[in-house]
Amino acid sequence: MKDITVAELFAGVGGFRIGLEKASVRFKTIWANQWEPGKKSQHAFDCYDKHFGPSLMNSNEDIAVAKENCPKADLLVGGFPCQDYSVAHSGGAKGIEGKKGVLWWYINDIVSKRKPKYILLENVDRLLKSPASQRGRDFGIILRCLYDKGYYAEWRVINAAEYGYPQRRRRTFIFAARKNTPWYSTILKTADNSVRDALYKAGFFADQFKVRGSDIVREFDLITKADGIEYADLVDLSNNFKAAFENTGIMINGRIYTSATTPYPHKQTTLADVVESDGVDEKYFLGKDLAKWEYMKGAKKIERTAANGHVYTFSEGPIAFPDPLDRPSRTMLTSESSTNRSTHIIADPKTGNLRFLTPVECERLNGFPDNWTESMPEKFRYFCMGNALVVPLITRMGKQLVKIVNRT
């Protein structure tokens, strides 16, 4: 059967590629870009190239430059950082200028130029509510860009632990398809009878990530404002749009339908299922500074003074110490393994003594093969896993993509 060609942006250590290739041998990555700004050593790219290269199709340069070399592919994928996606007039003209969310605009440029049939993107869950001062604006801009380029889109906030994986990691996944694909015709035909069925029965996420769907709780437009006047351009949208996006939704012809959903129960995988039970190197154990860790992990109220002289009380609740092994882990962050409140500390199954997670255990929490990142410095191994996605989720999405392509 015909290959499904893939272009991978912000590739990291290859989570999208591993997941897709586990789903089907038909996925063929023909180009990938990974660049760590401000870093002399490009450890993530070196790891990617070690496993999938070396290849001239593996790009290690700033996406601002690399975007020009991205080839046409059936599927464009990438996990891009969440930033400020506001837009503004440039030099008094009608152009669009990204202030901080420049990475989205590079994706937007590639979509404009290469017109992939399908797009699969990953971001943090707070994207739907960004920024705090104008809830939903950033996500609305992204969806409007996709609409303007001839795409329909779906999104789902997925917590990996709720689908049987050992980490409570919530991420927003966006799937888009061009309106000239047979898949879109299927969605549109279903939506003509029932938008709810298009979202919960026929949609991209419906089969692999089944949810208890409620009625559509919100419906609004990306074309016209509440007063019925069309947005003049993306700048107008950026200045005036705000909306409450729920964790599940679909965009058809610029119209948004969104709902709050809950996954069906799955068998739980726990932290105990990924940690080493036969002992680990002594360097991973805490030593004698337990009081410091107990303070960091504990509840606290601290009086602080702001720059303007205002006195306020900073407070935070407790974090379990040590982390329980009989449930999924908390979300890994890039600071994992450092002396930090968010770092996981467990009771070693063999000795009972408190220790950090090992790099291999962190790889397992994200579904990577053991020692996938062993070629890089240990600190950066933790950093990469704090940045990575949960690979088995991509495998499930890859299986659905194969079904979609098979219908064409």
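Trainee: Is Asn 371 buried, partly exposed or exposed, and what is its relative accessible area?

Mentor: This is a predicted model, in which local features need pLDDT of at least 70, side-chain atom pairs count only at pLDDT 80 or more, and totals for chains, interfaces and linings use all residues. Residues are numbered from 1 along each chain as its sequence is written, and side-chain values use heavy atoms, with hydrogens and water left out. Buried means under 20% relative accessible area and exposed means over 50%, with partly exposed in between, using a 1.4 Å probe and protein chains only. Asn 371 is partly exposed, its relative accessible area being 32%.

Trainee: Where is Asn 371 found, and what is its phi?

Mentor: Helices (H or I, at least four residues) and strands (E, at least two) are DSSP runs, numbered from the N terminus. Asn 371 is found in the loop between α10 (359-365) and α11 (378-387). Most residues other than glycine have a negative phi. Asn 371, a residue other than glycine, has instead a positive phi, near 65°.

Trainee: What is the phi of Ser 337?

Mentor: Ser 337 has its place in the loop between β16 and β17, and this residue is partly exposed, with a relative accessible area of 23%. Its phi is positive although the residue is not glycine, with a value near 85°.

Trainee: Which residue does a cis peptide bond join to Gly 53?

Mentor: Most peptide bonds are trans. Here the bond is cis, with omega about -5°, and it joins Gly 53 to Pro 54.

Trainee: What is omega for the peptide bond from Phe 321 to Pro 322?

Mentor: Pro 322 lies in the loop between β16 (311-316) and β17 (345-347). The peptide bond that leads from Phe 321 to Pro 322 is cis, and its omega is near 0°.
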